[in-house]
Amino acid sequence: MTDELSIIQQHIRDCRRCQQAGYPVQGPPIFSGTAASRLMVVGQAPGIVEVSKTHRPFSGSAGARLFRWLAQAGWEEQEFRRRFYMTSITRCFPGPNPSGRGDRVPTRKEQQLCNEWLEAELALVDPEVVIPVGSLAARRFFGKGYRLVDLVGQRFRLHGRIFVALPHPSGASGWLQQEENRRLIRKAIAILAQLREELRL
Ligand code: SF4
């Protein structure tokens, strides 16, 4: 399995499908992790910091907030990065949002172009636990009729895996501003802490 994953990861690194289709994305494609990972985080798309400086997922300001949540569940950042898989719905930086708030949301076509890589990562890593981060990732697994408020703060079993959704940790997200939503995040963190103990993650 490890060799198959390595081959897929090289294909992902070489991928330029969105540029070839005319989308204004900026690589390199960002993801990290090995076939031994028992948990997978699936975000929306990397930001400018990830593609231009760090080349690792969730290493900008939104990532810092995500790792604060994960630390509250008991995982130290470096250990989490070493042990678990981190990827996203699309793996290249989509560019800024024309509204000036945050990054552009990848189009449905871009999501489709990148989906083969997510399918392959899920099949080859076969994680027990998946954390979709943000509504785009949540809808990828639960269906487009679901909203974050229907999902965050609960654990679900889908296709043999446990899912615990989190909101997008970007400071541009209005979702985080409401106290009721922050209460759901605290519930989600408590569920992750419980899973960490229960599954010895
Ligand atoms: S976002 Fe995905 S499909 Fe598009 S170029 Fe990057 S790796 Fe390829």
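1. S3 covers residues 129-132 and S5 residues 161-163; the two run parallel and are joined by 2 bridges. Helices (H or I, at least four residues) and strands (E, at least two) are DSSP runs, numbered from the N terminus. Two strands pair if DSSP finds at least two bridges between them.

2. The model is a predicted one, in which local features need pLDDT of at least 70, side-chain atom pairs count only at pLDDT 80 or more, and totals for chains, interfaces and linings use all residues. Residue numbers start from 1 along each chain as its sequence is written.

3. S3 also pairs with S1 (residues 39-43), in the parallel sense and over 4 bridges. Met40 stands opposite Val130 in S3, and Leu39 has Val129 in S3 as its bridge partner. S1 is in turn joined to S2 by 4 bridges, and these two run parallel. Tyr85 in S2 is the bridge partner of Met40.

4. Together, 5 strands form an open sheet with mixed pairing, in the order S2-S1-S3-S5-S4. Strand S2 (85-88) and strand S4 (156-158) are at the edges; each has a single partner strand, so one side of each lacks a neighbour in the sheet. From one strand to the next the twist averages 30 degrees, where axes are lines fitted to C-alpha atoms, for helices over the stretch in contact, and angles run from 0 to 180 degrees between N-to-C directions.

5. How many of the 5 residues of S1 are buried? The count is 5 of the 5, so S1 is largely enclosed by the rest of the structure. A residue is buried if 20 or more other C-beta atoms lie within 10 Å of its own, exposed if 12 or fewer, and partly exposed in between, with C-beta atoms placed from the backbone. In a regular strand the side chains alternate between the two faces of the sheet. In S1, Leu39, Val41 and Gly43 are on one side and Met40 and Val42 on the other, and both faces are covered. In S3, Val129 and Ile131 point one way, Val130 and Pro132 the other way, and all are buried.

6. Helix H6 (residues 108-125) has 18 residues, which at 1.5 Å a residue should span 26 Å; its end C-alpha atoms are 25 Å apart, which agrees. The expected span is 1.5 Å times one less than the number of residues. The buried residues of H6 are Glu110, Cys114, Trp117, Leu118, Glu121 and Val125.

7. Cys114 is also one of the residues around the ligand: of the 14 there, Cys15, Cys18, Pro29, Cys92 and Cys114 come nearest. A residue is near a molecule or strand if its C-beta atom, placed from the backbone, lies within 6 Å of it. Helix H2 (17-20) and H6 are the elements that give two or more residues to this shell. H6 gives the most, with 3 residues. By type, the shell has 8 nonpolar, 2 polar and 4 charged residues; Ala, Val, Leu, Ile, Met, Phe, Trp, Tyr, Cys and Pro count as nonpolar, Asp, Glu, Lys and Arg as charged, and the others, Gly among them, as polar.

8. Most residues other than glycine have a negative phi, and most peptide bonds are trans. Asp126, which follows H6, has a positive phi near 50 degrees. Asp126 is in the loop between H6 and S3 and counts as partly exposed, with 14 C-beta neighbours inside 10 Å. Arg200, not a glycine either, has a positive phi of about 55 degrees. Arg200 lies in the segment after helix H9 (179-198) and counts as exposed, with 7 C-beta neighbours inside 10 Å. Gly27 and Pro28 are joined by a cis peptide bond, with omega about 5 degrees; Pro28 is in the loop between H2 and S1.

9. Phe67 belongs to helix H4 (residues 61-72). With 19 other C-beta atoms within 10 Å, Phe67 is partly exposed. Phe67 and Gln78 are 11 residues apart along the chain, and their C-alpha atoms are separated by 9.7 Å.
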